[in-house]
Amino acid sequence: MQIQVSTDNFIHGDERLVEIAEEAVTSDLGHLDDRLTRVEVHLKDQNADKHGPDHIRCTIEARPRGMGPMAAHHDGPDIPAALKGASKKLRQRLSSEFEKLDPHR
């Protein structure tokens with residue numbers, strides 16, 4: 001599973017941020033590794049340089065093999081919270097879709 005991370009102009013996308021994003025995705029979606037080709041993580045500061053509650057939006061899009069892309073987003077007070085929320089939502093969505101396709105797996 002390939003993981004790509006992108007950010008807007010207000011979030012600095014350094015190596016540490018990529019590590020944090022990869023850890024969150026692997027933690028929640030790693031068990032689906034054989035069913036996913038790519039996962040894209042998009043981070044955006046919705047308030048630009050101002051602060052406010054839940055101002056970081058994380059959108060995670062997964063590309064399941066043989067299926068259309070699926071995505072989930074979550075708004076959080078910081079990057080780790082937004083990542084965790086989005087990855088958990090996407091895990092639930094993907095698991096539900098895979099169960100429909102193969103209920104005996």
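Figure 1. What you see here is a predicted model. The side chain of Glu61 makes a polar contact with the side chain of Arg63, at 2.6 Å. Which residues does Glu61 touch once its neighbours within four places in sequence are set aside? The list runs Arg38, Val39, Glu40, Pro69, Met70, Ala71 and Leu90.

**Figure 2. Strand 3 and strand 4, side by side.** Strand 3 covers residues 56-64 and strand 4 covers residues 70-76. The two run antiparallel, and seven bridges hold the pairing together. For a landmark, look for Thr59, which sits opposite His73 in strand 4. How many residues lie between the strands of this hairpin? There are five, and Gly66 has a positive phi near 70°.

**Figure 3. Inside the largest nonpolar core, a group of 25 residues.** Val39, Val41, Leu43 and Leu94 are the ones with the most contacts inside this core. Helix 2 gives the most, with seven residues. Nonpolar side chains do tend to be buried together in soluble globular proteins.

**Figure 4. Leu43 and the residues around it.** Leu43 is among the core residues with the most contacts inside the core. Where do its contacts fall along the chain, leaving aside neighbours within four places in sequence? Leu43 meets Ser6, Thr7, Asp8, Ile11 and Leu17, then Ile56, Arg57 and Cys58, and finally Ile79 and Leu83.

**Figure 5. Stepping back to the whole protein, with its two helices and four strands.** Going along the sequence, the order is β-α-β-β-β-α. The C-alpha trace spans about 50 × 25 × 20 Å along its principal axes. Why does a radius of gyration of 14 Å agree with a compact globule? Because a compact globule of 105 residues would come out near 13 Å. Of the 105 residues, 35% count as buried. Among contacts with a separation of 6 or more, 52% come from residues 24 or more positions apart. As for the surface, the protein exposes about 6100 Å², and carbon and sulfur atoms supply 46% of that area.

Notes
Residues numbered from 1 in each chain as written. Predicted model: local features only at pLDDT ≥ 70, side-chain atom pairs only at ≥ 80, totals over all residues. Heavy atoms only, no water. Pairing = 2+ DSSP bridges. Polar contact = N/O pair within 3.5 Å; in protein donor to acceptor, adjacent residues only side chain to side chain. Contact = heavy atoms within 4.5 Å. Rg over C-alpha atoms; globule rule 2.2 N^0.38 Å. Buried < 20%, exposed > 50% of the residue type's maximum accessible area, 1.4 Å probe, protein only. Areas by Shrake-Rupley, 256 points an atom, 1.4 Å probe, with all protein chains shown as cover. Core = buried A, V, L, I, M, F, W, Y, C linked by side-chain atoms within 4.5 Å.
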